[in-house]
Amino acid sequence: MFKLKHLTGLKDLSKQQIIQILDLSEDLEDVCSGRKKSNVLEDQLMATFFYEPSTRTRFSFEAAMLRLGGSVISMADAKSTSSAWKGESLPDTIRTIDNYANVIVLRHPEAGAAETAAKWSKVPVLNAGDGTNEHPTQGLLDMLTIRKERGGLDGLRVALVGDLKHTRSINSVILGLSNFDVEFTLVSPPELETSEWILDYVRRRHVSYTCTSDLRAALKNVDVVYVCRIQKERLEKPEDHERFKGSYVLNRAMLEEVPQVITVLHHLPRVGELSEDVDDYPGAAYFRQPFNGVLVRAALLEIVLGKA
Ligand code: NCD
């Protein structure tokens, strides 16, 4: 296994490294479902330190650590219940927590916070989402989901739909997938298009992409559709939410208009952009996606803690 100190983003991971992470994730299925016991991390302690709300990311990290025999300390609401409320800086907080834990999982509202934390921490830092920048473990679990559902990643046509400007998990999945032979259709309102720095990576890796605001037309030519919510809390003008809301709702009827079965992903939570009538559509994968989060996070914990 390759050496990895921190994981702050997917932009610097190679195709080979991603494949190794996904392979190890799949090997951990029995352990992560509780069918097989593991004590590989029994002497290790993980701190989850979250300045923003979370359901899946924090719980799946904690489940992964516990399944591997490790221990967990958790700060679920760091903004109001940690010393951040008193004005402590991130570097000072990190230089404190790294005395208590062997690995830090950080979620923070500012882009670049994970890099800052990694710079100051003497233990590995795993980015659980930093502002509008990246959410690398989500990107990896999305890729694992696609690989499991479709049998591979090369040769796929992938549509990403919704607020592509502010959704960090979409940034990460684009950066990760652009190492493979894929084709992107980026579906969003013109004001919420994918950031230029992400498109720069895509172009540099010679991956083809098209930007459109026509979801119906896009569905005709894709194998995978990944829907994301409008990130209301990150819009420059919150009143714009009303205008964007409901502009990209994927429903069952739209999926049935095309002959192929499309794999449907969503990072969740969904808040109206993915109709509940898709839930029993054969390609709906978004409630299998969260278990893959446990697998990928378990693999990463083993890797950064030198046990893989
Ligand atoms: C996402 C996040 O926090 O970036 N959620 C998640 O981790 N599954 C996306 C979101 O909040 O919409």
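How far is a nitrogen atom of the ligand from a polar backbone atom of leucine 268?

Analyst: That distance is 3.1 Å: a ligand nitrogen on one side, a polar backbone atom of leucine 268 on the other. Before going on, a word on the ground rules. This is a predicted model, so local features need pLDDT of at least 70 and side-chain atom pairs count only at pLDDT 80 or more, while totals for chains, interfaces and linings use all residues. Residues are numbered from 1 along each chain as its sequence is written, and side-chain values use heavy atoms, with hydrogens and water left out.

Back to the ligand. An oxygen atom of the ligand sits 2.5 Å from an N or O atom in the side chain of arginine 229. The side chain of glutamine 138 has an N or O atom 3.2 Å from a ligand nitrogen. On its own the ligand has 320 Å² of accessible area, and the protein covers 93% of that (areas are by the Shrake-Rupley method with a 1.4 Å probe; for residues, only the protein chains shown count as cover). The residues surrounding the ligand are Thr57, Arg107, His135, Gln138, Arg168, Arg229, Gln231, His267 and Leu268; to be listed, a residue needs a heavy atom within 4 Å of the molecule.

With six of its six residues buried, β3 is largely enclosed by the rest of the structure. Helices (H or I, at least four residues) and strands (E, at least two) are DSSP runs, numbered from the N terminus.

Who are the partners of β3? On one hand there is β1 (residues 45–50), paired in the parallel sense over five bridges; two strands pair if DSSP finds at least two bridges between them. Arginine 107 turns up again here, as the bridge partner of phenylalanine 50. On the other hand, β3 (residues 103–108) and β4 pair in the parallel sense over four bridges, with leucine 106 opposite asparagine 127 in β4.

Put together, four strands make an open, parallel sheet in the order β2-β1-β3-β4. Its edges are β2 (71–75) and β4 (125–130), each pairing on one side only. Neighbouring strands are turned by 15 degrees against each other on average, direction ignored (axes are lines fitted to C-alpha atoms, for helices over the stretch in contact, and angles run from 0 to 180 degrees between N-to-C directions).

One more residue is worth a stop: glutamate 62, in helix α3 (residues 56–67). Glutamate 62 is buried, with a relative accessible area of 12%. Its side chain makes a polar contact of 2.6 Å with the side chain of serine 74. A polar contact is a pair of N or O atoms within 3.5 Å; within protein, one must be able to donate a hydrogen and the other to accept it, and residues adjacent in sequence count only if both atoms are side-chain atoms. Leaving out residues up to four places away in sequence, glutamate 62 touches Met46, Thr48, Val72 and Ser74, where contact means heavy atoms within 4.5 Å.

Conventions: Buried < 20%, exposed > 50% of the residue type's maximum accessible area, 1.4 Å probe, protein only.
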